[in-house]
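Student: I am new to this structure. Can we walk through it step by step?

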Amino acid sequence: MVQMHQELPLLDERQSEILRAVIREHIATAEPVASATLVRRYGLSVSSATVRSELAGLEDVGLLTHPHTSAGRVPTDLGYRYFIEMLLPAPTLAAEEQVTVSHQFQQGLADTAEWLGLAASTLARLTTEASIVTPPVSERATLRHVEAVPINEHRALVVVVTDGGAVRQQLIELREPVTTDELRAVSRRLAELLAGQGAEGVARSVAAERGVAATVAATVARTLQEEDDAGATHVHLEGIGNILAKPEFEETTRAREMLGILEDRTRLSAIFPQALRQGEVLVTIGSEHPLGPLRTCSVVFGRYGGREGVTGYVGVVGPTRMDYARTIGAVRFVGALMSDLVRVVEGD
């Protein structure tokens, strides 16, 4: 599902065909599109004069504009919106690409950090744009499993697994020597006692614990709190070089402002669509963005996750002149793979 933003004008079949041709040509060339080019390349069964008249009509209703003194037209944000909602071919990836990407995600990735990196690099490669991927988080991180692995009698590695699938490791120092069997017993008890609790619940349990159990429980509480604090600002970005190579960002100031948003995790989190449901895709185009530096860009976001409340985002950002069908298809497919991984972690 692609969510609509505004009321669209009504076009007849010929107007729709010409608008589709303009957008396809502009996406491919980044140049204003002239009527003669449309007739020559897109097999339109009308004259250049007729096409010019239709182009003027499409400009009158706000779907096209012409830059400066150029005789050619380029799509407006509304033109792209009409294309996405009314003219877009079925968004999908080729079958062979789906097989390749699925195989990559099935290679026994052990940690969500690996999933996030793979998802981000895959989206950047498939779309030749920049990708944005966030980890799967619940409103508050909760414990799925904890295990303390002995290093020596005075040191252990605490492995914390959250319900979102994140795996975090902390090295702890032990005041008193502890045997391997004792540490295993503590791990089993705490894993059962603390399962499903968030940072606050685990922290309350620390008061009732003593010795190594108190140290391990405190480490779990601290790790969960760090996950909570990191949630919205933990973002994987890939493919910045892809969009900087586009002609839209040859102007240094525009590129610098756009990069400033992508690198500012707090401001970037403001564009995540909180109401988006799993399986939906949201496309935000140019002037629809609340953040000024992104008003020369389009952002395509999908949401993935497992059980209710544990979700993350996969997205792509690039110029408004992007291949929307391919980008929406890639975001939807990678999001579905990420949902599958989260459900595996949850034991579904």
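Tutor: Start with a definition: angles from 65 to 115 degrees count as roughly perpendicular. Keep in mind that this is a predicted model.

Student: How are H1 and H3 oriented to each other?
Tutor: Helix H1 (residues 13–29) and helix H3 (residues 48–60) pack at an angle of about 85 degrees. Their axes are 10 Å apart. The range for roughly perpendicular is 65 to 115 degrees. H1 and H3 are therefore roughly perpendicular to each other.

Student: Which residues in H3 does H1 meet?
Tutor: H1 brings Arg14, Gln15, Ile18, Leu19 and Val22. The residues of this contact divide into 6 nonpolar, 2 polar and 2 charged. On the H3 side stand Thr50, Val51, Glu54, Leu55 and Leu58.

Student: Which residue in E10 stands opposite Ile132?
Tutor: Strand E3 covers residues 130–133, and strand E10 covers residues 311–319. The two pair in the antiparallel sense over 4 bridges. Opposite Ile132 stands Gly315.

Student: On to the aromatic pairs. Is the pair of Tyr80 and Tyr324 stacked, tilted or edge-to-face?
Tutor: The whole structure holds 2 aromatic pairs. In this one, the ring centres are 5.7 Å apart and the planes are at 55 degrees. Under 30 degrees counts as stacked and over 60 as edge-to-face. So the pair of Tyr80 and Tyr324 is tilted.

Student: How many residues apart are Tyr80 and Tyr324?
Tutor: Tyr80 sits in helix H4 (residues 77–87) and Tyr324 in helix H13 (residues 324–346). The pair links distant parts of the chain. The separation is 244 residues.

Student: Is Tyr324 buried or exposed?
Tutor: Buried means under 20% relative accessible area. Tyr324 has a relative accessible area of 0%, so Tyr324 is buried.

Key:
Residues are numbered from 1 along each chain as its sequence is written. This is a predicted model: local features need pLDDT of at least 70, side-chain atom pairs count only at pLDDT 80 or more; totals for chains, interfaces and linings use all residues. Side-chain values use heavy atoms; hydrogens and water are left out. Two strands pair if DSSP finds at least two bridges between them. Axes are lines fitted to C-alpha atoms, for helices over the stretch in contact, and angles run from 0 to 180 degrees between N-to-C directions. Angles under 35 degrees count as roughly parallel, over 145 as roughly antiparallel, 65 to 115 as roughly perpendicular and the rest as oblique. Contact means heavy atoms within 4.5 Å. Ala, Val, Leu, Ile, Met, Phe, Trp, Tyr, Cys and Pro count as nonpolar, Asp, Glu, Lys and Arg as charged, and the others, Gly among them, as polar. Rings of Phe, Tyr and Trp (its six-membered ring) pair if their centres lie within 6.5 Å; planes under 30 degrees apart count as stacked, over 60 as edge-to-face and the rest as tilted. Buried means under 20% relative accessible area, exposed over 50%, partly exposed in between (1.4 Å probe, protein chains only).
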